Amino acid sequence: MHESDAVFVDFCIGLMQNSYICKKADYMEQLFEYFRRKHREVPTDLIRYKYNEIGWEGRAFGLVGPRGVGKSTMLLQYIKQNLNVTDTLYVSADQLYFASHTLIDLADSFYKMGGKHLFIDEIHKYDGWSAEVKQIFDSYSDLQLVISGSSILDITKGMADLSRRIPIYEMQGLSFREYLHLFHGIKMDVVSMADLLRHDYAIPGLEHPLPLFNDYLRRGYYPFGKDVAFDIELAQVVAQTMESDIPMYLNANVSVGRKLKQLLMVVAESVPFKPVMQKIADVTGISRNYIQDYLMYMERAGMIAQLRDAVGGIRGLGKIEKVYLDNTNLIYVLAPKRADIGNVRETFFMNQMRVVGDVMCSPVSDFLVDGMTFEIGGRKKGQKQIAEVENGYVVKDDIEAGYANVIPLWAFGLLY
């Protein structure tokens, strides 16, 4: 090669390298700008129940939960209130940066810039994330790494590869207490189960809780329930979960997503749904061999809740007795004309109580929770089912205050 040609080649290579460095810098600047914008905009008026249960000082941890329950907001709140933005970065794994860069690229660049706290949201949208997270964890011992995502199934599976090095916290939607704070500015502390059973609770400044409780049942479980287009947004959450998250986890095609949505509607239109596999197969066209697995995937994705019996006394191992939608908001969006009030009541009770206890099917009544039996009903509900039961309680809807072993349904929304 002629000397002048070699010089020209070196010049071109230099230009390419400089261009790459500039582009890399531009990409990082975009990430930091995204983070700064999210940091500015995040509200701090409501701090979710899960906040105080997380080991924020840990070297690494993960946060999971269904779409739309406020995981990203809580992470940004912690950053805003406790960390220095100069050595912290929050990104989403579905950003354009990752079309041409890896998670390892990000961690390496950020670390070399003096970074100390790296938060990666929507981690499940990055293919092969668990292997790279493991490498980052092993390579940068003084870099805090926090991951979060909506695909509970995928993240739980991926975390198994990390040999329990990274704890995972799971969060659900708003309690009635949190709804009162976020939607109406009514603040109160969490009520313990002991205080609830002895009727030692009150909502400050709210004499008649039932109107707001009924509003909560329809739109209060998700923080975006205040949006005008809430019904449309929640329907989109359902569609993304059923058509994208679960099929992606299964490496399945779109036809599986359609079958899952069909199965979800069978649950939504039942009062409540008692799983008889052959009948489900006949209605949906899904092989009965797959139905139980599909229900489990839907449960882990936050779409349904399965009530099991108390065999062995261990939650999750008993026979499935009933299947509910995960929360009451889903009932009113997916099957508003079939929103049976009995189903709504039981769905609410199970959803709120599972945060503080193991909710199982009672052999004589509706629910068995940590040795206590609960019968759910309206204001005329009697004591017959629990007459011979020790630690039995009647939970009544449409009443404002409790007495003796009768507790108003809405009060169970104050437990977290």
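**Salt bridges in the predicted model**

Start with Asp398 and Arg345: they form a salt bridge, with their closest N and O atoms 3.4 Å apart. The term means a side-chain nitrogen of Lys or Arg within 4 Å of a carboxyl oxygen of Asp or Glu. Asp398 sits in the loop between strand S11 (392-396) and strand S12 (406-408), and Arg345 sits in helix H14 (residues 341-353), so the pair ties together parts that are 53 residues apart in sequence. Helices (H or I, at least four residues) and strands (E, at least two) are DSSP runs, numbered from the N terminus.

Some ground rules. This is a predicted model: local features need pLDDT of at least 70, side-chain atom pairs count only at pLDDT 80 or more, and totals for chains, interfaces and linings use all residues. Residues are numbered from 1 along each chain as its sequence is written, and side-chain values use heavy atoms, leaving out hydrogens and water.

Is Arg345 buried or exposed? Arg345 is buried, at 13% relative accessible area. Asp398 is partly exposed, at 30%. The cut-offs: buried is under 20% relative accessible area, exposed is over 50%, and partly exposed is in between (1.4 Å probe, protein chains only).

Next, Arg300 and Glu170. Their side chains meet in a salt bridge at 3.4 Å, N to O. Arg300 is in helix H12 (residues 288-300) and Glu170 in strand S5 (residues 168-170), so this pair ties together parts 130 residues apart in sequence. Arg300 is partly exposed at 27%. Glu170 is partly exposed too, at 36%.

Now Arg198 and Asp195: 2.5 Å, N to O. Arg198 is exposed, at 53%.

How many salt bridges does the whole structure have? The search finds 19. Glu29, Glu33 and Arg36 are linked in a network of them.
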